[in-house]
Amino acid sequence: MLNGATVILRAWKEADVPALQLLRNDVELQEMLMAEPRPNSLERTRQWLSERSGREDGLLFVIATAADDQPAGFVQITELDRRNRTAFLGIALLPRSQGMGLGAEALALLEAYLVRVFRLRKLLLKVLTSNTRAIAFYAAASFNQAGVLRRHHASALGYQDVLIMEKFLCAASADEDGA
């Protein structure tokens, strides 16, 4: 468990499943996350949580409010590359939890953990170029644009451009010799 002033990053528990099911069933959000929107039962949500939590090349934390331990969303790491000390970030907050600084605090807690435990030096992410709110959030968190994959992601609107963003993590980026 990672404790912050207003958020906790922790493992998922059964009581979180209904709230996380809401995120998994939010078609607009799933499209913005470049996931395939489809109906998710409680059981399917549980399976997704178990699978994501058990991966060797990733992590999943529930973002919970520190005051009452209620789920606010999740943050995940995928493609954790221990040799190159890089990983991909994904984050999603319930609508009721957005705009309160919870995502920024969760990201700061996660970054410190990744540097401390995995000596991660760089965090990457992919975001639709049309998702200006998310891009502004990542830019405010010191992510920089690394490139654009043109007409890359298939959606109901056709193929969309995907922005790749990266952030060198302060404590880890000073050690570039691969040691």
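In the predicted model, one aromatic cluster is formed by F61, Y113 and F118. The count of aromatic pairs comes to five. One of the pairs joins W48 and F74 in an edge-to-face arrangement, with 5.1 Å between the ring centres and 70° between the planes. W48 belongs to helix 3 (residues 42-53) and F74 to strand 4 (residues 71-81), so this contact ties together parts that are 26 residues apart in sequence. Both W48 and F74 are buried.

A further edge-to-face pair consists of F137 and Y138, whose ring centres lie 5.4 Å apart and whose planes make an angle of 65°. F137 is partly exposed, at a relative accessible area of 27%. Y138 has a relative accessibility of 8% and is classed as buried, because the cut-off for a buried residue is under 20%.

Y138 also takes part in the lining of the largest pocket, where Y138 is among the residues nearest the centre, together with L29, L33, I91 and A92. The volume of this pocket is about 1,300 Å³, and its lining comprises 41 residues. Two or more lining residues come from each of helix 2 (27-32), helix 3, strand 4, strand 5 (86-93), helix 4 (102-118), strand 6 (122-128) and helix 5 (132-140). Strand 5 provides the largest share of the lining, with six residues. Divided by class, the lining of the largest pocket contains 21 nonpolar, eleven polar and nine charged residues.

Note on methods: Residues numbered from 1 in each chain as written. Predicted model: local features only at pLDDT ≥ 70, side-chain atom pairs only at ≥ 80, totals over all residues. Heavy atoms only, no water. Phe/Tyr/Trp six-rings, centres within 6.5 Å; stacked < 30°, edge-to-face > 60°. Helix = DSSP H or I, 4+ residues; strand = E, 2+ residues; numbered from the N terminus. Buried < 20%, exposed > 50% of the residue type's maximum accessible area, 1.4 Å probe, protein only. 1 Å grid on protein atoms, 1.4 Å probe; cavity = no way out; pocket = protein on both sides within 12 Å on 5 of 7 lines; lining within 4 Å. Points joined across faces, edges and corners; volume = space filled by probe spheres on them. Nonpolar A, V, L, I, M, F, W, Y, C, P; charged D, E, K, R; others polar.
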